[in-house]
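Please walk through the model shown here, taking one chain after the other and keeping the cut-offs in view.

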Amino acid sequence: MRQDSLQARGVSVEFAGLRALDGVSLEVVPGEILGLIGPNGSGKTTLVNALTGQVPIVSGDVVCAGETITGEIPRKIALLGIARSFQIVRLFGNLTVRENVETAALAKGLPRREADARAEELLDEFHLNQSADTLGDALNYGDKRRVEIARALASEPRFLLLDEPAAGMNETESDTLLDMLAMLPEKRNCGMLIIDHDMPLIMRLCHRLHVLASGRTIAEGDIDTVRQHPAVIEAYLGSDAKAADHHA
Amino acid sequence: MTSATRSSVIGTLVILTVPVVLALVISEALGIRVVDRIATIFCINLVLVLGLQVFMGNSGILSFAHVGFMGIGAYASAVLSMPLQMKGMALPELYPIVKAIEISPYLGMVVGGLVAAGVAAAVSYPLMRLSDAAAVITSFALLVVLHTIMVHWHQMTNGPRTLFGVQSATTLYIAAGVAILMIFIALIFRESRTGILLRAARDDEVAAGAIGTNISNMRWRGFVLSAFMAGIGGALWAHFITSFSPNAFYLKETFVILGMLVIGGAGTVSGAVLGAFVVTAAFELLRLIENSINLSGVLPTQLVGLTEIALACAMIGILIVRPSGIISAREVAFPDALRRYLPGTHFTRPKQSRSADEGGTQ
Ligand SMILES: Nc1ncnc2c1ncn2[C@@H]1O[C@H](COP(=O)(O)OP(=O)(O)O)[C@@H](O)[C@H]1O
Ligand SMILES: [Mg+2]
């Protein structure tokens with residue numbers, strides 16, 4: 001394991017007796033894009049929540065660049081350079097797009113002028129200039145997603161965790177997003193973890209994959225290794241078969 | 001603050017000053033005592049409502065304690081500025097040290113604000129970790145505590161009895177001047193680092209935490225500034241009314257100030273100004289009607305409480321139609337076409353605003 005990476009070490013999380021994560025170990029390295037995949041309810045969001053301090057960890061450790069941050073509150077973890085987006089978008093609805101992006105830089109303690117400048121840059125980069133003065137609540141879904149990512153980047157994170165950033169976007173929107181995301185880790189020297197159900201998107205974007213099923217790691221490695229992994233095939237086919245049963 | 005934000009703050013300030021200036025001009029033109037009185041009351045109410053907006057509007061947390069801080073400011077300024085020869089009569093049990101002090105009532109107003117802010121700073125930190133219902137009920141508890149202290153601290157407040165002999169010092173000009181200053185402070189605070197982060201936490205606490213916002217600290221700052229403004233408002237009121245008892249700073253006043261803010265729209269400074277203006281005007285009009293009906297004797301019984309009932313109904317009505325008040329999320333803005341005429345701003349079209357920002361001064 002590398003010194004400068006973000007690591008989950010045997011992390012377990014429980015909800016009222018239900019073991020949502022069971023001894024999961026994962027590593028995000030600066031400069032790489034790691035895809036976190038798995039059927040619905042397999043614990044992907046819970047893992048991100050565990051990394052950012054949003055849910056308590058029963059056992060195991062979270063380590064960021066050598067520093068153990070297990071049990072820290074989300075604010076402290078954010079200030080250490082771990083930024084995230086949420087599966088269900090969480091924007092500041094009565095703040096303008098510009099203010100939304102600026103908040104993360106301000107919370108980090110940047111002087112006002114620098115925070116302004118950084119927000120302005122990100123608005124440019126994410127093609128949000130047109131709606132800079134629109135309130136968060138008034139945006140369409142795709143724009144909300146982009147603002148949330150721009151906001152996460154405004155804190156200049158070392159690690160960026162994105163929970164289904166392309167969900168609900170149309171094809172053009174998600175293609176544009178993919179192009180933007182693909183360049184991020186190198187350009188900003190951060191490690192990126194991305195959860196998504198869109199397999200073609202994940203395959204094109206990610207350097208490595210990590211697969212969860214029922215709260216356990218069932219496979220990890222480069223794309224080809226994972227794609228041919230029997231457990232992965234089984235988990236996906238299995239869950240599809242179950243879903244089909246369910247609908248029938 | 002970007003130059004675009006700065007110019008819009010100035011634009012909003014100019015518009016929001018209009019009702020205050022209007023009150024002043026009308027009162028001067030008419031020269032009628034009752035109009036001067038109503039205009040002054042409007043300005044004082046405005047200071048109190050703006051103070052409440054600073055905390056409640058930006059944090060989204062309903063605070064009942066506000067009027068308690070108004071009381072602290074009122075008593076602090078009234079007692080400290082009371083003429084020495086009056087003190088023996090008005091406050092027989094007053095501590096000897098305080099008995100020897102007599103400061104100008106204008107200095108008293110500032111001190112009143114500072115004392116209120118000091119008390120708020122000392123007691124509120126643990127409360128600022130709370131949200132939702134817990135925060136509201138603890139703020140109510142704080143009001144009860146402050147009220148009980150005012151009622152029982154005979155040495156300083158004359159207990160539950162009326163405190164007489166407070167210096168008269170609040171003229172319409174002073175009240176209007178302070179009101180305009182407070183509009184400015186509220187607008188600046190809203191756009192400040194603390195203001196933006198406070199509003200962010202209001203909109204989504206989880207997301208605000210996830211970007212590293214120290215939410216309780218931001219709330220605390222807002223609360224202390226809010227108490228400072230309430231203290232000054234209380235002192236202004238004390239030197240206007242010149243005799244009062246602790247009951248002036250309790251549920252009825254809380255309801256009136258809260259009503260003004262909620263009707264106007266707590267989320268904006270514009271809402272606070274509009275609410276104070278509309279409700280003060282309606283209140284005084286209704287009181288006039290109530291008094292003349294009672295004087296004329298057309299009704300077999302005396303009419304009482306018309307004003308409170310009307311305010312309550314207006315509040316219910318507006319909250320049903322517009323739950324966030326009349327002006328909810330955006331401040332009133334100066335029309336773009338006229339912005340170039342504002343003092344101290346160089347309005348630029350949005351496309352050029354980036355280069356303007358880089359050249360702007362902070
Ligand atoms: N706050 C919670 N309370 C109780 N159970 C939860 C909570 N969050 C997630 N779970 C459960 O934990 C499991 C994993 O959920 P989640 O991490 O959201 O899965 P994924 O993101 O992979 O779809 C699911 O069974 C879900 O029902
Ligand atoms: Mg999920």
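A contact, as the word is used here, means heavy atoms within 4.5 Å. By that criterion, residues 24 or more positions apart account for 79% of the contacts in chain B with a separation of 6 or more. This is a predicted model, in which local features need pLDDT of at least 70 and side-chain atom pairs count only at pLDDT 80 or more, whereas totals for chains, interfaces and linings use all residues. Residues are numbered from 1 along each chain as its sequence is written, chains are lettered from A and ligands numbered from 1 in the order in which they are written, and side-chain values use heavy atoms, with hydrogens and water left out.

The secondary structure of chain B consists of 17 helices and zero strands, where helices (H or I, at least four residues) and strands (E, at least two) are DSSP runs numbered from the N terminus. Its radius of gyration, taken over C-alpha atoms, is 21 Å, which agrees with the value near 21 Å for a compact globule of 362 residues, the globule rule being 2.2 Å times the number of residues to the power 0.38. The C-alpha trace of chain B spans about 65 × 50 × 40 Å along its principal axes, and 53% of its 362 residues count as buried (under 20% relative accessible area, with exposed over 50% and partly exposed in between, for a 1.4 Å probe and protein chains only).

Turning to chain A, an open sheet of four strands has the order β2-β1-β4-β5 with antiparallel pairing, two strands being paired if DSSP finds at least two bridges between them. Because β2 (18-28) and β5 (67-68) of chain A stand at the edges with a single partner strand each, one side of each is left without a neighbour in the sheet. Strand β4 (residues 59-64) of chain A pairs with β5(A) over two bridges in the antiparallel sense, and Cys64(A) stands opposite Glu67(A) in β5(A).
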